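Dear colleague,

I am pleased to hand over the structure below. My findings follow it.

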Amino acid sequence: MEETDREAVATAVQRVAGMLQRPDQLDKVEQYRRREARKKASVEARLKAAIQSQLDGVRTGLSQLHNALGDVKDIQRSLGDVSKDWRQSINTIENLKDVKDAVVQHSQLAAAVENLKNIFSVPEIVQEAHNLIERAELLQAHRKLMDLECSRDDLMYEQYRMDVKNTHDMNLIRNYFGEVQNLSEELAKQLWMVLQRSMLTVRRDPTMVVSVVRIIEREEKIDRRMLDRKKQTAFIPPGRPKKWKEKMFEVLEGTVSTRIEGSQSDTRESDKMWLVRLLEITRKYVQDDLIVVKNLMIQCFPPNYDILNKFFTLYHKALSVRIEELASEDLEANEIVSLLTWVLNTYKSAEMMGHPELISEMDVNSMGPLLPKEVVDQLLSKYIQIFTSNITGWLRKALETDKKDWKKDTEPEADQDGYYQTTLPAIVFQMFEQNLQVAAQIDEIFKQEVLRLCLKQMTSFLIRYREEAIAYKEDHMRDRQHPQCYVQYMIAIINNCQTFKESIRSLKKKYSKTEFDENDAAIDSTLDSVAKDGCVYLLDEVFMDLEQHLNELMTRKWLTGSNAVDTICVTIEDYFNDFAKIKKPYNKEMTFDAHRRVVIEYIKAVMQKRISFKNPDERKEGAERMIKEAEQFKFLFRKLSAGLGEDTDRLCDTIVALAEVFKLTDPTLLYLEVCTLVSKYPDIREDHVLALLAVRGDANREMKQMIIETLNQNKPLSTVNIQPVFRDIVVPTMTVNKLLK
């Protein structure tokens with residue numbers, strides 16, 4: 001208390017010090033004193049009120065405790081009186097057992113009296129119910145069944161209450177109502193029969209379906225009531241619960257399954273299109289049935305049945321089982337595609353589950369897949385295996401058919417532009433197109449896989465195509481008279497390569513997102529090889545006919561007036577009338593190759609030293625003849641291909657350059673002429689120069705040796721951009737010493 005007083009004094013001092021900090025505040029001392037006196041009075045008043053309130057609460061609590069004590073004593077006295085009365089009434093309760101038994105017996109008799117009419121009329125009611133069932137008056141039949149079951153169940157329940165162990169009386173009641181159970185089973189069979197034909201019945205007489213549903217609803221209510229009573233009494237009538245609603249959905253599920261399974265009427269042996277027909281019939285059945293459910297059946301069931309969703313689920317489940325069965329069979333390639341197309345595309349499309357009348361009621365995308373992904377993958381893998389085997393056989397057969405055409409005595413057909421061709425590219429790519437169209441029906445990934453496989457098979461096929469073209473050429477070389485149209489069919493083979501290229505590009509543009517890849521480059525390379533080989537074979541054919549005339553070049557016969565070059569030009573032009581039917585770019589390349597080959601054969605004739613000019617007149621005459629013939633070649637190949645341009649002149653100018661070496665009259669200038677020749681054609685070799693000098697015929701040993709040594713010391717650098725002419729020309733074997741002589 002003393003500490004509290006000290007704290008109060010200290011606080012007061014502090015407050016006073018705060019009020020009197022300035023001299024002018026001394027004038028307000030009296031005002032401060034009155035204000036603090038009012039505050040003190042207010043605090044004391046509140047304190048007195050609080051104490052008074054606490055005292056009143058204590059007084060009230062003591063009064064309530066006193067009253068509670070009196071109530072407890074009164075209850076204690078009452079409990080004593082009740083205990084006394086209970087002990088006195090025990091004997092009285094035991095004496096009432098007979099009354100209790102009499103009450104139970106009275107209850108049984110009351111139930112018997114209540115059901116007396118049904119008890120004595122059981123056979124008649126059962127017979128009436130049977131008649132009603134036969135007349136399809138199911139609601140009335142069920143009403144009579146309910147009355148009989150109610151009577152039986154009430155009697156059995158009363159017997160159960162009176163003596164649960166009295167099985168004799170219980171069996172007596174059950175046997176007396178034995179026909180009731182048979183009647184229930186017969187009615188159930190009729191209900192299930194109606195449900196099995198519900199798709200037809202609901203169109204013809206929807207009230208029948210409504211009656212069935214109402215009966216099932218009644219039985220469900222009775223089942224629930226019996227189960228509730230069982231929880232209280234442990235008694236359940238025989239045959240309960242019937243669970244007819246559960247059985248109804250089982251029957252509907254069986255009906256849907258039977259409808260799906262029963263749609264197959266054909267087999268592969270009787271109809272190659274059996275699966276397509278089966279899937280189309282199934283699609284039609286399912287779509288029609290679900291539309292019937294949506295428009296008619298849904299009105300026959302209570303909303304809580306959610307019958308449309310139930311039927312969607314039932315059909316989806318039944319279809320899934322059926323499709324898995326079909327997938328497990330040994331399906332052919334076209335059958336696998338038909339099945340997968342139906343499963344992955346048709347099933348959820350507007351033609352079936354996504355029909356406009358159905359999609360508003362059901363989200364087709366919420367349904368799971370008909371086939372598990374692993375089964376789909378297995379089918380796709382199987383299809384790829386079958387397709388690979390089939391396409392290999394198809395390509396082999398197509399090539400064999402084309403080979404037979406190569407041996408015909410009639411020319412191959414020409415396209416609208418006049419180019420020779422065979423049917424092979426069209427057959428091959430029609431085959432690819434058909435399979436890609438089929439694959440595209442499944443999905444984009446599978447289409448790309450089939451395209452990749454087609455191109456892979458194309459690569460292998462072209463290798464065989466090249467081998468067959470080589471064999472065709474070799475067979476012809478053994479007897480050049482057969483086949484008669486060898487040239488024309490070899491042209492067709494070359495043209496086919498360009499057609500293959502164009503078809504592959506068209507195919508990739510249509511079915512692939514990638515324009516060009518390494519596989520395409522490999523195919524193009526193989527096609528170019530086949531085409532170029534074909535061009536070489538045709539040129540071989542030409543030059544075999546020209547061999548005799550080429551051998552006349554640079555000989556005494558040639559010098560004295562041979563028509564060899566005229567014949568060569570006429571023969572080449574005649575061949576190139578057929579070669580004009582070769583497609584670009586191969587025709588242009590072939591013309592250039594023919595030109596180059598003619599020039600090289602001419603140069604070879606020079607290098608073989610078939611002639612050695614004896615005097616200046618012979619050299620002049622030979623040189624002029626060479627220049628004239630070079631002009632003939634220029635004219636010919638300009639005519640055959642105006643697009644060759646400078647290359648045409650340059651090749652023929654090689655012959656002119658050699659002629660200039662022979663035409664030179666002053667031997668002292670021979671070195672300069674040879675140097676000029678070597679500078680134009682850096683690939684010319686020492687043996688070529690010696691051969692030229694040998695043909696000229698007037699260069700002595702010292703001159704030859706000086707020219708060779710000087711050329712070796714001042715050998716010009718090769719020009720990369722200039723195509724070599726002399727590189728592949730071989731001079732007949734002869735020692736340098738002999739050439740220098």
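Which backbone oxygen lies 2.4 Å from a polar atom of the side chain of R596? It is the backbone oxygen of P724.

Before going further, please note that this is a predicted model, in which local features need pLDDT of at least 70, side-chain atom pairs count only at pLDDT 80 or more, and totals for chains, interfaces and linings use all residues. Residues are numbered from 1 along each chain as its sequence is written, and side-chain values use heavy atoms, with hydrogens and water left out.

R596 belongs to helix α23, residues 586–607 (helices are DSSP runs of H or I with at least four residues, numbered from the N terminus). R596 is buried (buried means under 20% relative accessible area and exposed over 50%, with partly exposed in between, using a 1.4 Å probe and protein chains only). Setting aside residues up to four places away in sequence, R596 touches L651, Q723, P724 and V725 (contact means heavy atoms within 4.5 Å).

The largest nonpolar core has 204 residues, and M353 and M554 touch the most other members (such a core is a set of buried Ala, Val, Leu, Ile, Met, Phe, Trp, Tyr and Cys residues joined through side-chain atoms within 4.5 Å). Helix α19, residues 486–511, gives the most to this core, with 13 residues. Beyond its neighbours within four places in sequence, M353 is in contact with several residues, including F312, Y315 and Y347.

There are 21 aromatic pairs (rings of Phe, Tyr and Trp, the last by its six-membered ring, with centres within 6.5 Å; planes under 30 degrees apart are stacked, over 60 edge-to-face and the rest tilted).

Helix α27, residues 686–696, is mostly covered, as eight of its 11 residues are buried. By contrast, L172 in helix α7 counts as exposed because its relative accessibility is 52%.

Yours sincerely

Terms used:
Helix = DSSP H or I, 4+ residues; strand = E, 2+ residues; numbered from the N terminus. Lys, Arg positive; Asp, Glu negative; His and termini not counted. Salt bridge = Lys/Arg side-chain N within 4 Å of Asp/Glu carboxyl O. Polar contact = N/O pair within 3.5 Å; in protein donor to acceptor, adjacent residues only side chain to side chain.
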